Amino acid sequence: EYAAGNWYSGAALSFNGCFLEAGSGVDQIYYLVIPAGDSDATLSESNYTGTITVTGDSNNYWVFNSAISGFKASSSANTVKFMAKDKAGNTSAIQTVAIKRDQIAPAINTDGSTILTNGVLDIPLSGSVSDDASGTASLEITINGINDFKANANIEESGNWTSSLPAATLSTLETGTTYEVWGKAQDKAGNISESRIAKLNV
């Protein structure tokens, strides 16, 4: 469902809204979708993407709910314009909203090296993560087979990240066993990627 300022991964969104009309009542709502990168266009009764029928009114606020699609994934925003027409033929001022869509998950960049540990010292981890559209929201570090360990990496504005594997966790690992350290990155649109960051030899 649309909320101002958010990023989305899907090509369609549900919109809830209303127009104030105290006279004859809202007859029809027109909307125009302008995909990211396309030239601006004017919404009118002869130039629109689709129409929405109002579901009712409450104290002269005429409510609508509709799924709208056609949004392009881009670092720039899509535009949706809305206009209401009342039963007397008058049209409202045009309302405009911006829709930002990102369907590509972040890329986690590390050297995938093998790390030796005896469980005595913390092990620092670092790398970079990139997302050219909405930006990376989080990076979670896990060790396969250790279900109670999760660490959130510190991500700088540049995309560089740091974290660590604490000795308290490393000391519980089985000697002579190889473990894998994984990263799960999520961007602001909700896209997720997972990548092996390193191997641990105990």
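This is a predicted model: local features need pLDDT of at least 70, side-chain atom pairs count only at pLDDT 80 or more; totals for chains, interfaces and linings use all residues.
Asn 60 counts as partly exposed, with a relative accessibility of 32%.

## Two asparagines in a loop

Asn 60 sits in the loop between β5 and β6. Its backbone has a positive phi of about 75°, although Asn 60 is not a glycine. Most residues other than glycine have a negative phi, which makes this spot worth a look. Asn 59 is found in the loop between β5 (56-58) and β6 (61-69), and Asn 59 also has a positive phi without being a glycine. Here are the two side by side:

| Residue | Phi | Relative accessibility | Class |
|---|---|---|---|
| Asn 59 | about 55° | 67% | exposed |
| Asn 60 | about 75° | 32% | partly exposed |

## The whole protein

Now for the wider view. The protein has one helix and 17 strands. Its radius of gyration is 25 Å, well over the 17 Å that the globule rule gives for 202 residues, so the protein is more spread out than a compact globule. Along its principal axes, the C-alpha trace spans about 80 × 35 × 20 Å.

Of the 202 residues, 38% count as buried. The accessible surface comes to about 10,700 Å², and 43% of that surface belongs to carbon and sulfur atoms. Among contacts between residues at least 6 apart in sequence, 63% join residues at least 24 apart.

## Aromatic rings

The count of aromatic pairs comes to six. In one of them, the rings of Tyr 2 and Phe 15 have their centres 5.2 Å apart and their planes at 20°; planes under 30 degrees apart count as stacked, so this pair is stacked. The pair links distant parts of the chain, 13 residues apart: Tyr 2 belongs to the segment before β1 (7-8), while Phe 15 is in strand β2 (residues 12-20).

Phe 15 is buried, with a relative accessible area of 3%, whereas Tyr 2 is partly exposed at 23%. Ring pairs join Tyr 2 and Phe 15 with Phe 19, Phe 64, Phe 71 and Phe 82 into a cluster.

## A buried charge

One last stop is Glu 140, in strand β12 (residues 136-143). Glu 140 is buried yet has no salt bridge. The nearest side chain of opposite charge, that of Lys 184, is 4.0 Å away. Leaving aside residues up to four places away in sequence, Glu 140 touches Lys 150, Ala 151, Asn 152, Trp 182, Gly 183 and Lys 184.

Conventions
Residues are numbered from 1 along each chain as its sequence is written. Side-chain values use heavy atoms; hydrogens and water are left out. Helices (H or I, at least four residues) and strands (E, at least two) are DSSP runs, numbered from the N terminus. Buried means under 20% relative accessible area, exposed over 50%, partly exposed in between (1.4 Å probe, protein chains only). Lys and Arg count as positive and Asp and Glu as negative; His and the chain ends are not counted. Contact means heavy atoms within 4.5 Å. Rings of Phe, Tyr and Trp (its six-membered ring) pair if their centres lie within 6.5 Å; planes under 30 degrees apart count as stacked, over 60 as edge-to-face and the rest as tilted. The radius of gyration is taken over C-alpha atoms; the globule rule is 2.2 Å times the number of residues to the power 0.38. Accessible areas come from the Shrake-Rupley method with a 1.4 Å probe; for residues, only the protein chains shown count as cover.
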